[in-house]
Amino acid sequence: MTVEAMAEPPPARADEPPVLVGRGVTKRFGATTVLAAADLVVHRGEAVAVTGPSGSGKSTLLHCLAGILAPDAGEVRLTGERIDGWSEARRTALRRERLGFVFQFGQLLPELPAVENVALPLMLGGVSRREAVGRAAQWFAPLGLTGLEQRRPGQLSGGQEQRVAIARALVTGPDVVFADEPTGALDSETGLRTIELLTGLAARTRAGLVVVTHDAEVAARCHRTVVIRDGRTIAGVRA
Amino acid sequence: MRLLRLGGRRAWSAAGLVGAGVAVATTLLAVALGALHGLDARESRTGWRTPAAASPEETPMALLRARTDQVAGRALEQIDLVDPRPDAAPPPGLPRMPLVGELWVSPALADLLRTLPAGELADRYPTATPAGVLGEAGLTRPDELVAVVGRPAGDPVLTAPGPSDVVPVGSFDRTEADTTVAGIYRQLTYVAVALMVVPIASLLGASARLTAARRVERLATLRLLGASTRQVTVTAVAEVTAVATVAAVVGVAAQWLLAPALAHISIAGGGWFAADLRPSPLVSVAIVAGVAVLATGAAIGGLRQVVVSPLGVARRQQPQHARLIRLLGLVGGLAVFWIAIVASQGGPAAVAGLIFGVGVLALFGSVSLIGPLIVRVLGRSMTGRARSVPALLAGRRLLDDPKGAFRPLAGLTLAVFVAGFLAPLTTVIAGEVGADDGVLVLQAPAAQADRVAAAASARLATLGVAARIGPVTAAGGPGGTAETGVSAETGVSAETGVSAETGTTAASGPASPGNPGNPDGSGARGTEDIVAVPVLPENPADRDRVRTALAPLTPGSLVLTRAEADDEEIVLVEDLRRGTLVVLVATFLIAATATGTAAAARVLDHRRPLRLLRLAGTPLAMLDRARWAETVLPLLVLGGVALALGLLCASPFASAVLVFSPSGLGLLGGVLVAGVALVAATSAASRPLLRSVTAGPGRED
């Protein structure tokens, strides 16, 4: 996916099959049930916020949906294909090729310049270094990062670093982007600008977006909010 | 300490890594210093065998002659005390001065006297029953064979051929063995210690930096929060110092416990008293203190950037460059080495090894200085040419932190340096060792050679021992080698009739009873007078029987093969070989620990980005390949440079081309295989750690 290919985000269509579906997702750690039959549906171009108190199971739900953790019960489908029973190796390849991730902080490799951090997923997918760096560089202007391509992560501000991470998450044209507290380490103003960029770009690239957040203002920037409490999804709120 | 105590499992794991590295380094340091202590102790125990000579106006306590006999394939130190004064202070290990006709033996020789037939050992002495047993104070090691024989004035032992001198004893109270060989061992030990000390210090430094590196971001946060420079330094250094001190105590204790095993390593003909290999309490305390100080210094060095620029370190703004000025270090190291070579060749022999050791240290330092620079250049080259993710990651990491990347390789690089130094020497050493042909040599005045040969034949015939005797040769002259000294055609079995080929000549020259020759003709005792009557027992197992039976034919002299007569030199050569192996093994042990510790540390230091990369779908194998790429290529290049410097270091002793001999190539090949295997092993060893820190979605840091 190149930046030139971006278009205005189409509205989420109810008749289009969802890109990501989690049904009855259950996860236990020892005797503790962290997720108890949680449900979540995400359409292409749609941003869904997952909120809830600390320890409610938000991140665990994200990890199960993203194939990082294998759920103990329930099912997870990506573009209609059930992925919850896949081997670790297949799930690793899935994450690399079809999913994108934005974390709270410290996600960029400190040794690599910003542009190579963005190019990394492409290279991991077999794209040549020259082409990967070229395609990565195209994401810098839309994200307001022009001129920062060769800066190392330590030379970027927190907001800039997070925008580089967004570019890295989107550069492969993923089906779904998962963001775990993407604004948690930023001041509120930078955080809101960052989430707006993330939701906007995800919509334009028709990627589903799942944002785990504590921040009501961040959740408000998403199309829909799902509240999770004691491991259960209890509400879906249209923003 | 609170950071450590509350730091959780990972904090303790990191502290454990530091502790393990420091403990191993300390153990090896204690082993190296223990070897010096052992040599001191040995000299102290055997100094009485090379006693201080009495002044001309003083009546000697006895006339002493120390020689090395052989029995059961082992060296037997024979100390003859001629005309001993019974009231004189005895040598160490003896309750009183031996009387004329008495035999005092070491415990091991007492056992042999009990188990061997008298015809193989006891008949060599005036009495078969020892008057007593020598105490440990007079022995170099528990299993040493020593015989002290009291002899009457004018005993033939004073004039018998042989290389050793007769000393009129003024006092046995001497703590230094005044022999050339003892000096050589001391100098070699200095060089060996120098070869090991730098890798040990490097391991200490690498280990000490682990905790500092692990905590650098939290400490920078403390600094950002307003903690003073002093508070930050104390916070981090206290932890490292505490861990290093405990580990150093463990290391010294480990050496103490290992001493009995180390005592089996044969140097100068045998093992050691375990206690001799243990550094004194004062030295042990100094080791612990020194290690704690070194570790603290390394930790402070690692923290300097936190203290100076907390923002920079917290956000890792500044790449850790290795500057070109390090090249000056190489130039300086070469200059110091050259000066040391010139000084050691022209200076006093007693300190030659010490001076050369300084030169070795200088070259060692050079390797350590230019290592990061080489890593940086390699990193730049790899980054520019990288086409794959592992190559790009490896190149960027090398470029980002050349010093950190060099640290895991420093030990191996220095091990290759040591191998480069030792490889040509092993070739030289290999050429020095001669085989024992089994031909015993009776040394007799030329005029009596025929009679001695005939008597030998008769005696052996009486005993029923088959042996070939003759022809008689000039001791040490052309054709006088043992290989040609026995003629199968002319030798006649003693069982079938006594006959000796006596048709050769004795060398001319004045007789000098006090200056006889020796089996290899190298002695200064008038070799022209002495001829060699070779005797080859047909059954090698009869050797001790033959030498015991024939000894009385040349009173006072020892009956040895040429190889046995050269025993001290052969033992030295074998020790050089063994020492080479010990130093190499020790260096590789240090390298293995350093490489393993540092590899694990790098995983811990980079655990967050590594984990997130893996969560984002990067296969573990790819992360492993990146680690492999950032290790192997630098190791090969650094190894090449270190090898060249090692060969340079050996150049005063041996031509560098000797490294291409089979033994040299074997050693280097072994080092290369061991080095790569070590990298593979340490990489594999830290793989579970990599898997562990990158597995799962945990947020722990």
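Helices (H or I, at least four residues) and strands (E, at least two) are DSSP runs, numbered from the N terminus. With that settled, on to the structure.

This is a predicted model, where local features need pLDDT of at least 70, side-chain atom pairs count only at pLDDT 80 or more, and totals for chains, interfaces and linings use all residues. Residues are numbered from 1 along each chain as its sequence is written, while chains are lettered from A and ligands numbered from 1 in the order in which they are written.

B:Ala72 sits in the loop between strand S2 (63-71) and strand S3 (74-82) of chain B. Its phi is near 50°, a positive value in a residue other than glycine. For background, most residues other than glycine have a negative phi. Is B:Ala72 buried or partly exposed? Partly exposed, because 13 other C-beta atoms lie within 10 Å. The cut-offs: 20 or more other C-beta atoms within 10 Å of a residue's own is buried, 12 or fewer is exposed, in between is partly exposed, and C-beta atoms are placed from the backbone.

Chain A has a case to set beside it. A:Asp230 is not a glycine, yet has a positive phi of about 50°. This residue is in the loop between S9 and strand S10 (232-238) of chain A. A:Asp230 counts as partly exposed because it has 14 C-beta neighbours inside 10 Å.

Now chain B as a whole. It has 20 helices and 12 strands. Of its 701 residues, 52% count as buried. Take contacts in chain B between residues at least 6 apart in sequence: 82% join residues at least 24 apart. Contact here means C-beta atoms, placed from the backbone, within 7 Å.

Next, the contact between the chains. Chain B gives 19 residues and chain A gives 24. On the chain B side, helix H10 (389-400) and helix H17 (607-615) each supply at least two residues. H10(B) has the largest share, 5 residues. By class, the chain B side has 9 nonpolar, 3 polar and 7 charged residues. Nonpolar covers Ala, Val, Leu, Ile, Met, Phe, Trp, Tyr, Cys and Pro; charged covers Asp, Glu, Lys and Arg; the others, Gly among them, are polar.

Over to strands in chain A. Which residues of strand S3(A) are buried on each face? A:Ala47, A:Ala49 and A:Thr51 on one side, A:Val48 and A:Val50 on the other. That is 5 of 5 residues in S3(A), which spans 47-51. S3(A) pairs in the parallel sense with strand S8 (residues 208-212) of chain A, over 4 bridges. Pairing needs at least two DSSP bridges between two strands. S3(A) also runs parallel to strand S9 (residues 224-229) of chain A, again with 4 bridges.

Strand S1 (residues 20-29) of chain A joins S2(A) by 7 bridges. A:Val21 stands opposite A:Val41 there.

Last, a helix pair. A:Val115 and A:Leu122 are among the H3(A) residues that meet H4(A), where the partners include A:Ala132 and A:Val133.

Technical notes
Two residues are in contact if their C-beta atoms, placed from the backbone, lie within 7 Å.
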